[in-house]
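The sequence and the coordinates are shown below.

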Amino acid sequence: MSDPVLSSEEKALQDEFLADNVLFLAPDPDIFTNHKIVPRTPEEDTILSQGKVSPHLANEIRGRLMAALDESNTMMEQMGTAPGAKWGDLVAAIFTASGDLTMIAPHGVVAFAGACHYPIKFIIRHWKDDPTVGYKDGDAFIHNDARYGGLHNTDQSTMMPLFWKGRVVAWLAATIHEGENGSTEPGGMPAAAESKFDEGLKMPPFKFVENFQIRRDLQTFLQNSVRDPKLQYEDMKVKLHAVLRLRERVLAVFEEFGEEAVIGTLRQHIEDVETEVRRRIRELPDGTTRVSAFVDSTLRENVVIKYPLAITVEGDQLTLDFRGSAPEFLNRSVNTNQGSMKCLLLSGYLQNIWPDLPHSQAVFSPLDFRWDEYSWLNGSFMSPQAMSLIPLFKAMTLPCVPMAKLSYMLPRQYTSIVAPQYDQPATVIYGGHTQNGEDVGNFCADINGAPQGGRYNRDGEHSISPPFAAYCDIGEIEVMEEEVPMIRLGAFTLAKDRIGFGKYRGGLGYEQIVTTRKTALWGFMSGCTGSLITPTQALFGGYAPPTYPLCKVSGVNVFEELEKNSENIKFDILDIMNRQPFEGATYSTHDMGMTFELVRPGELHMVCQGTGAGYGDVLQRDPTLVMKDIEEDLMSRELASEIYKVAFDPETSIVDDEATEALRNEERQARIARGKPFDEFVAEWVRPEPPEDMEYYGAWGRDTDVVYGTSAGQRITMEGRVLQSMFMPNPKDVKIAQLQAEITGLKAQLSS
């Protein structure tokens, strides 16, 4: 029986019925997969085609808008409650009326702003004409779910349509990394999350401000959903008033220059950026460069997870290909999605490749991306993504390697070619009951102290910034200790000898030794990889950073020990772990992916920032720089000869140039002797598939059509185009099974 033919009137009624009865407005793939700026509106086209905005006028308007953004950004940093607000993990931004990101605050986090164009476009498409929602002057929306556009659910955004003479002429937004969000572990980044329902607040964009006032019912709902209701309320107000100040300033610009000039400037700004990026891509040689990284943990178990990237240049088009990545993990929190990936890639390009460009979404309009569906870099709507920082941080540093190969020979450089920055969130996440009687959960700002990689003409800077923003700070310890019962033991001591060696070495990171007191309920966690496989790629023959464990000292109260004999205690991780000064304490090392764990007052939790990657051959390093590192106590004398092959007088530290040259020539000859012809090396080293005893996820080699995984303890293969999501066993169940097997074996021995 054929389907009945509907009249045009019946078809219209059917379409209206279906539109009014959508079961669930999940993330819109038309929005979420599209990172390019939208076409001009008729109004924008008329303004620009008629030349109504001169370059001088546009420059004046841009300057006024940037000043307004800087003011709003500073307001949030000065008034915010979250640690992320205090130390710069925030941004204010302006978008076109269509939702394209056009400008951000000069010191803001690019990715936070870049992510907001997704929810704004969702609001425009789905809420604008909805009679139950809609928006008018004085309304604002809140959002935090990365699946609708964002990085991870700890970031909360306020977005407001800007009305001028009764119509929307732009959008304004403010975003802060809030931390605590009611997730299964305190602090908002739960490594233990086994589904998206463990992640805490998951806010698609919804209206929470009407007539410039926060709705108290929704405020109460959100406060009731988190451990720290004070933080939730205060920073909702902070973001709203930062947006309102931005609104005031932008409306003044409209008043002074007129709507055509401002609307035209916002559009011309992003079009100019896209044009310049296409010109820069055309400068690059056509071809493909590749790099692969390997992550050593899901934060619950040690496995090997592939993270490949191939960058192809063809004319004025640049394509980033991530096919061959590991499949998504349905019950692990380290997945991310392509929208989040693009935002962090944008941050990486604007920090390391083209930092002189205006910070705009248009930078990525000439770029295309390729992904496997259901990969851990392009996860599904149901995959947990609470610790998406693991793949996202690498998105900001990994492109440095292939882009350096493409741009090295260019006669004009737009910034220093730089080896990758340390790309792990090596910090302490905490939660519990404070000395002030409040329940909290958040993270320490050490995440903002990642050291830089070596540059083509100088060493990397020590503990300079996070990979996602150049202007964030590591915070003031005294402020932290007033608010939470954590004590930082020791200064920000750079980690001696833990170096990315090279012609120009990477910057050094610092140690973090923390404990707690004045509380009966407190705990720590850390969400970091790189304890078994170096996390950061070196460049042009440099050394990658070493690997780093988490160290713990339990069964001790360090404050009591300090009262007994403070002279016996040196707050240095290597000294504490090797000398073990606390009698009766338990000293242990662990993978840095530790789920939340309660601690007792005075016990030590110790991690270390990694180092930036090295640039260039160590044998080309100026011996003067080697001795400078020794003088500044960054490196031991032994490493001068062992790594850099520098000879010097141990008494005077004067370099022996002739002996150094001889040592280096000897090492070059030793390298040649150790070397093998390429075909011989490949025959000996390369294997057709991963070793059987390695739990490996991803493609093997360049063949992205076959992807490896593990299911029910058995290795499986799948087509890259049709990935199968992975489901991991609970580590406690694995441990119980191991212990049961040991007991069974012991019983068998006793009975024999």
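**Basis of the description**

This is a predicted model, in which local features need pLDDT of at least 70 and side-chain atom pairs count only at pLDDT 80 or more, whereas totals for chains, interfaces and linings use all residues. Residues are numbered from 1 along each chain as its sequence is written, and side-chain values use heavy atoms, with hydrogens and water left out.

**Helix packing**

Helices (H or I, at least four residues) and strands (E, at least two) are DSSP runs numbered from the N terminus. Their axes are lines fitted to C-alpha atoms, for helices over the stretch in contact, and angles run from 0 to 180 degrees between N-to-C directions.

| Helix pair | Axis separation | Angle |
|---|---|---|
| α7 (residues 216-223) and α8 (residues 229-257) | within 8 Å | roughly 140° |
| α6 (residues 110-127) and α10 (residues 338-353) | 8 Å | about 145° |
| α4 (residues 55-79) and α9 (residues 259-283) | 10 Å | about 90° |

The axes of α7 and α8 cross at roughly 140°. That makes α7 oblique to α8; angles under 35 degrees count as roughly parallel, over 145 as roughly antiparallel, 65 to 115 as roughly perpendicular and the rest as oblique. The crossing of α7 and α8 is right-handed, a crossing being right-handed if the near helix is turned clockwise from the far one by less than a right angle, and left-handed if anticlockwise. On the α7 side, Q219, L222 and Q223 meet P229, Q232, Y233 and M236 of α8, where contact means heavy atoms within 4.5 Å. The residues of this contact comprise four nonpolar, three polar and no charged. In this classification Ala, Val, Leu, Ile, Met, Phe, Trp, Tyr, Cys and Pro count as nonpolar, Asp, Glu, Lys and Arg as charged, and the others, Gly among them, as polar.

The crossing of α6 and α10 is also right-handed. Here V110, A111, G114, A115 and Y118 of α6 meet G339, K342, C343, L344, L346, S347 and L350 of α10. Eight nonpolar, three polar and one charged residue form this contact.

The contact joins L57, A58, I61, R62 and L65 of α4 to A261, V262, T265, L266 and H269 of α9. Its residues are seven nonpolar, two polar and one charged.

**Nonpolar cores**

A nonpolar core is a set of buried Ala, Val, Leu, Ile, Met, Phe, Trp, Tyr and Cys residues joined through side-chain atoms within 4.5 Å. Buried means under 20% relative accessible area, exposed over 50% and partly exposed in between, with a 1.4 Å probe and protein chains only. The largest core has 104 residues, of which L318, L320, F322, W354 and W376 touch the most other members. Helix α6 gives the most to this core, with 11 residues. Apart from it lies another core of 49 residues, including A85, A92, L251 and F257. Leaving aside neighbours within four places in sequence, L320 is in contact with L309, A310, I311, L345, Y349, L367, D368, F369 and R370.

**A covered helix and its surroundings**

Helix α12 (residues 400-407) is mostly covered, as seven of its eight residues are buried. These are C400, V401, P402, M403, A404, L406 and S407. They pack against β8 (287-295), β9 (304-314), β10 (317-321), α10 and α11 (389-397).

From α10, I353 is buried at 14% relative accessible area. Beyond its neighbours within four places in sequence, I353 is in contact with G348, C400, M403, Y414 and T415.

T710, in strand β22 (residues 703-711), is buried with a relative accessible area of 15%. Leaving aside neighbours within four places in sequence, T710 is in contact with E695, Y697, R715, I716 and M726.

D622 belongs to the loop between β20 (604-608) and α16 (623-631) and is partly exposed, at 39%. D633 lies in the loop between α16 and α17 (637-642), is partly exposed at 47%, and has a positive phi near 60°.
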